[in-house]
Amino acid sequence: MQPINRWAWCGVALSGALMVALGAYAAHGLSARVSAELVSAVETGVRYQAWHTLAVLAVLAWRASTPLTGQRLALGLWAAGIALFSGSLYAMALTGATALGMITPLGGLLMIAGWLTLAVTVLRARPQSPSGRA
């Protein structure tokens with residue numbers, strides 16, 4: 001396995017673990033510390049992190065058999081989007097610094113850019129014949 005792939009797989013595994021831990025905390029302990037609105041924000045962060053973690057897993061698996069130029073960019077955009085979107089929601093709830101909410105939309109834009117990058121990557125890919133030859 002190439003080093004970049006090893007780090008990507010490790011990162012997605014850690015994202016999954018963090019997502020489960022924060023989801024459980026939001027469901028069972030956070031409401032005693034913060035408002036229902038902030039609990040809901042953490043749940044939103046977990047949900048977006050979950051979907052994008054699954055998307056990263058799928059693209060990593062796809063990339064193993066069919067590496068395409070734009071896949072790495074989409075993965076990077078999603079990783080940055082998770083960090084900024086979900087991370088800002090988690091930080092707001094855990095620290096009470098609601099000003100961090102200004103970062104959240106930037107993370108969402110990065111996630112959208114990742115999806116658009118994936119679309120362009122697919123459209124630019126050369127189709128293969130059923131025999132596997134281009």
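Ala 93 is found in helix 3, where helices (H or I, at least four residues) and strands (E, at least two) are DSSP runs, numbered from the N terminus. The model is a predicted one, in which local features need pLDDT of at least 70 and side-chain atom pairs count only at pLDDT 80 or more, while totals for chains, interfaces and linings use all residues. Residues are numbered from 1 along each chain as its sequence is written, and side-chain values use heavy atoms, with hydrogens and water left out.

Ala 93 counts as buried because its relative accessible area is 3%; buried means under 20% relative accessible area, exposed over 50%, and partly exposed in between, with a 1.4 Å probe and protein chains only. Leaving aside neighbours within four places in sequence, Ala 93 is in contact with Leu 30, Val 34, Leu 38 and Val 42, contact meaning heavy atoms within 4.5 Å. Ala 93 and Ala 41 are 52 residues apart along the chain, and their C-alpha atoms are separated by 7.6 Å.

Helix 3 itself can be considered next. Its 27 residues should span 39 Å at 1.5 Å a residue, and this agrees with its end C-alpha atoms, which are 39 Å apart. The expected span of a helix is 1.5 Å times one less than its number of residues. At Gly 87, helix 3 bends by about 30 degrees, the bend at a residue being the angle between axes fitted to the seven residues ending there and the seven starting there. Just after helix 3, Gly 96 adopts a positive phi of about 80 degrees.

The wider setting is the fold of the chain. The protein chain has four helices and zero strands, so that from the N terminus on its elements run α-α-α-α. Along its principal axes the C-alpha trace spans about 60 × 25 × 25 Å. Of the 134 residues of the protein chain, 34% count as buried. Among the contacts with a separation of 6 or more, 66% are accounted for by residues 24 or more positions apart.

Helix 4 comprises residues 104-124. Helix 4 has 21 residues and reaches 31 Å from its first C-alpha to its last, close to the 30 Å expected at 1.5 Å a residue. Its buried residues are Thr 104, Gly 107, Gly 108, Met 111, Gly 114, Thr 117, Leu 118 and Thr 121, and they pack against helix 2 and helix 3.

Two of these residues may be followed in detail. Met 111 lies in helix 4 and counts as buried because its relative accessibility is 3%. Not counting residues up to four places away in sequence, Met 111 touches Tyr 48, His 52, Leu 77, Trp 78, Gly 81, Ile 82 and Phe 85. Met 111 and Ala 64, by contrast, are 47 residues apart in sequence and 22 Å apart in space, C-alpha to C-alpha. Thr 117, also found in helix 4, is buried because its relative accessible area is 15%. With residues up to four places away in sequence again excluded, Thr 117 touches Gly 70, Leu 73, Ala 74 and Leu 77.

Leu 14 is found in helix 1 and counts as exposed because its relative accessibility is 57%. Leu 14 and Thr 53 are 39 residues apart along the chain, with 9.7 Å between their C-alpha atoms.

The account ends with the largest pocket, which has a volume of about 360 Å³. The elements that give two or more residues to its lining are helix 1 (3-28), helix 2 (36-65) and helix 3 (69-95). On a 1 Å grid over the protein atoms alone, a cavity is a set of points where a 1.4 Å probe fits but cannot get out, whereas a pocket is an open set with protein on both sides within 12 Å along at least five of seven lines; lining residues have an atom within 4 Å of a point. Grid points are joined across faces, edges and corners, and a volume is the space filled by probe spheres set on the points. The largest pocket is lined by 20 residues, of which Ala 8, Gly 11, Val 12, Val 56 and Ala 79 lie nearest its centre. Helix 1 gives the most to this lining, with eight residues. The lining residues divide into 12 nonpolar, six polar and two charged; Ala, Val, Leu, Ile, Met, Phe, Trp, Tyr, Cys and Pro count as nonpolar, Asp, Glu, Lys and Arg as charged, and the others, Gly among them, as polar.
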